[in-house]
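Reader: I am new to this structure. Please show me how to read its features.

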Amino acid sequence: MSPVPHLATALTGPLHELESRILAAQPQIEHWFRSQWHAHATPFYGSVDLRNSGFKLAPVDMNLFPGGHNNLNPEFLPLAVQAAQSAVDKVCPEARSILLIPENHTRNTFYLQNVATLVHIFEQAGLKVRLGSLNPEITEPTELVTANGDTLTLEPLERRGNRVALADGFNPCVLLLNNDLSAGIPDMLKNLEQTLLPPLHAGWAVRRKTHHFEAYNRVSDEFARLISIDPWTINPYFASCGGLDFHARTGEEALAETVSQMLDKIRRKYREYGIDNDPFVIVKADAGTYGMGVMSVKSPDEVIGLNRKARNKMSVVKEGLEVSEVIVQEGVYTFETVNEAVAEPVVYMMDRYVIGGFYRVHTGRGIDENLNAPGMHFVPLSFETPCLPDRKGLPDCAPNRFYAYGVISRLALLASALELEATDPDAE
């Protein structure tokens, strides 16, 4: 059993109350989730970055193409296998095989270990798994070695009519993307008759973080009414700001004004709750991942006249995409530590189930900073009873804190379901 990390005791009061309410309402919560999943299609998989400040437990990012499965506790692989079977049964009950399409960055051996873990999960679920690459450098079957010495064989994808296949004709009914399409939607994947999971509009070519948090506003408001809490305790404020060119310093004043308004809004809430900390916001690219294009800000002055290094950092994200739109999000302190280093939980889900998680830990970052940065490391969490909290135990004992994490993460997953419905080009 992984330990619950240390949470600064002076700040546990309101969170203790939030966790207590979640525990007390567990039957209603689980019934409510079941009804939501009858009404909305579950995203195939996802991971959620949470922040726990003692007075607030909230998601700050949602990834629909999660890497990092290699950081989950291997003891709880059965959870992932059952979830994989459920997820595949929904889209192709007769499926015997699956074609997994990973990211193009083949030199990141830890990412490749994530791919190897996914292969293992789906093989354990009874599926033959092969890897097809969109990378133009992969022109023949290519063996790659992962961080811990496993080997993977990547094969070039071929388009055959309305299907994608490998050279020997392998073209199953399910294609699983573990590639977030930051570089755009390749023609290879357009207008397929096969089931592509997640769908193309889940990729960063279409998706925006502000759209996700608009959907999360609706979900968290409904959930807050269900268990009689202030939705702010589970939901970070946010605003969008566009028309930016960090290199040319275009839009700085508008960004500073957005930051100022957000800080004022948070300050009022802090006064209401008697919170002494300084409010801060996170400014990050509205599309993209990997912790790129992110800055922590406590004053609007900090976004005016950025130096060249800061402008370079904010102006471009993965695949060299220029940043012109940002989300200005309420910063949520993390008062959790693992071995005295700042930590935040990351929760993994497949279908509608929590399958595990880990703490992202960074010894060189502060409680008000983005931890998804070089130098981070991971401590696995054991969600062995994700939906079976100990209702007789203290709210912050291990299964109960992890249950609360799982509830908030599933709210973010539900928001993603609404988000994908709203951006589905095939929807009526």
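Author: Start with Cys241, which counts as buried because its relative accessibility is 6%. Buried means under 20% relative accessible area, exposed over 50%, partly exposed in between (1.4 Å probe, protein chains only). This is a predicted model: local features need pLDDT of at least 70, side-chain atom pairs count only at pLDDT 80 or more, and totals for chains, interfaces and linings use all residues. Residues are numbered from 1 along each chain as its sequence is written, and side-chain values use heavy atoms, leaving out hydrogens and water.

Reader: How many disulfides does a search of the whole structure find?

Author: A disulfide is a pair of cysteine sulfur atoms within 2.5 Å. The search finds 1. Cys92 and Cys173 form it, with sulfur atoms 1.9 Å apart. The link is left-handed, at -105 degrees about the S-S bond.

Reader: Which parts does the pair tie together?

Author: Helices (H or I, at least four residues) and strands (E, at least two) are DSSP runs, numbered from the N terminus. Cys92 lies in the loop between α3 and β4 (97-102), and Cys173 in the loop between β9 (163-165) and β10 (174-178), so the pair joins parts 81 residues apart in sequence.

Reader: Is Cys92 buried or exposed?

Author: Cys92 is buried, with a relative accessible area of 5%. Cys173 is partly exposed, at 23%.

Reader: Where does Tyr405 lie?

Author: Tyr405 lies in helix α8 (residues 398-422). Its relative accessibility is 0%, so Tyr405 counts as buried. Tyr405 and Leu57 are 348 residues apart in sequence, yet 8.0 Å apart in space, C-alpha to C-alpha.
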